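The structure is shown first, and the points follow by topic.

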Amino acid sequence: LMHSWNVVYMFNQHVIADNAFLFLYPQWLCELAGILFSYAHVMSTPMHLRNVIGGLDYGISAAETADMALVPTGFVRFPLIQVLYKASLTRFLKRDPDDGDYDTVVKVLHALELTIPCEFPCDDPTLVQAETPTTQSCRGKKVVTRHFVPSLSPYKVPLDLRKVAPMIFNRGVHIRFDFNMLPNELWWRLQFRLFKHVVKVAFQSPRFADEEYLMDLKEAGECHNLWIDGMWLGNAASRVLVLRQGTCIVLHSAEVATASPDADTSETILKDIENELSLLLKEYQGCRRKLAVQCPVQECNGWLEIAALPESGNVTCIACGNTYDVGFVVVSGTSDYGPKKFPLMLQKECEADLKRALDQHVLGNFCDFLGLRFDQRTHVASSDGLDAMDINSFTVDFITALDRVVRFYMLEAETRAMAAKDAGIDDIF
């Protein structure tokens, strides 16, 4: 009753014991997210129009100084938290807030699954002191904690990476979740929960090489793969590419065997994705999903709904019209029909990109393992194939190569964005 009257707010109003927090005066809780995203709105507003924005509890100049141009990359610094929430906390607490109060704000934003703490190496003692609450010791610290906001990420999965993903991950798992609707909030909370598996790939963007603010904080010019519409997940032996496509989520994976039988595999990540999605869908009762796998026919790009597949007998693909035994349908690897066939133009583009992204001594074995067939490839010859190689060394090389391919496509996208910026064209990539 108190929850319905807006006197007390609970995350789970049905089971009180399941609530880590109970909020009195939930209006302050509503302000919490609003203040954070109001500043992001200010940053996305042209400079000459910012002076018409009213109703803010903070000065824009003070916030920009505390931000150090980091919010446009999706990250929030602790000094910015202090500026943004000072007035709101003062009204709520009836006193001046201290760093313990600001630290509580950070924890609540995290509990709301809005922000994710991330550590950055930092050798500047001034920055370390400024970004560490006085409730914590900063003596000897060489890292600072900043808070990533998935919904504020400016980066998207490079279009070229989306295009070649089915080809590069040809031998791995291909799964698609089809939703009747996919709220942004659900997607961002899924990103929050899967962040523990994220493999970060980052570099200094050439777009911001001449910006003066990079003298103070180089991370403000960093391009990263914490995409707003995808995730690059992994562990010691595998990588999983998660792509959001409208109301669908598509998973592609690649995996290599390791010498350790207890090592985590892509299955570990895929199970976690399934578990987190199942838990989230309980909170979004209007959302429904269907699981689909690829049609095994080499030339077909269609998908088959798993729930509609018979336990035995034949099945017909709606996309290509072919009929075959249900045993030909596979979730991962290559079916009895053989590996997928891709357009010749796509093969040539992929080959050219991989040659630029990878060293020659890695390229051949990388392509062999993924089942990519290019002519005139250079590879490390071995009479016994992979068995004659150091399996641990190959695992590291293979996983590193996948990360390099992602980095290559990110750099290509940034180079195009820089060209568009110079031409006065915004957000075409």
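Predicted model: local features only at pLDDT ≥ 70, side-chain atom pairs only at ≥ 80, totals over all residues.

Strand 10 and strand 11 form a hairpin with two residues between them. In the turn of that hairpin, G246 has a positive phi of about 65°.

**Strand 10 and strand 11**
- Strand 11 spans residues 248-255 and pairs with strand 10 in the antiparallel sense.
- The pairing of strand 10 with strand 11 runs over eight bridges.
- Within this pairing, L241 has H252 of strand 11 as its bridge partner.

**Strand 9 and strand 10**
- A hairpin of two linking residues also connects strand 9 to strand 10.
- Strand 9, residues 230-235, is antiparallel to strand 10, and six bridges hold the pairing.
- L233 lies opposite V240, a residue of strand 10.

**Burial of strand 10**
- Strand 10 covers residues 238-245, and seven of its eight residues are buried.
- The strand is therefore largely enclosed by the rest of the structure.
- Buried here means under 20% relative accessible area.

**Nonpolar surface patch**
- Three residues, L291, I306 and V331, make up a nonpolar patch on the surface.
- Together they have about 200 Å² of accessible area.
- L291 belongs to strand 12, which spans residues 289-294.
- With a relative accessible area of 32%, L291 counts as partly exposed, because that class lies between the buried limit of 20% and the exposed limit of 50%.

Terms used:
Residues numbered from 1 in each chain as written. Heavy atoms only, no water. Buried < 20%, exposed > 50% of the residue type's maximum accessible area, 1.4 Å probe, protein only. Helix = DSSP H or I, 4+ residues; strand = E, 2+ residues; numbered from the N terminus. Pairing = 2+ DSSP bridges. Patch = residues over 30% accessible without salt bridge, like charges linked within 9 Å, V, L, I, M, F, W, Y side chains within 5 Å. Areas by Shrake-Rupley, 256 points an atom, 1.4 Å probe, with all protein chains shown as cover. Salt bridge = Lys/Arg side-chain N within 4 Å of Asp/Glu carboxyl O.
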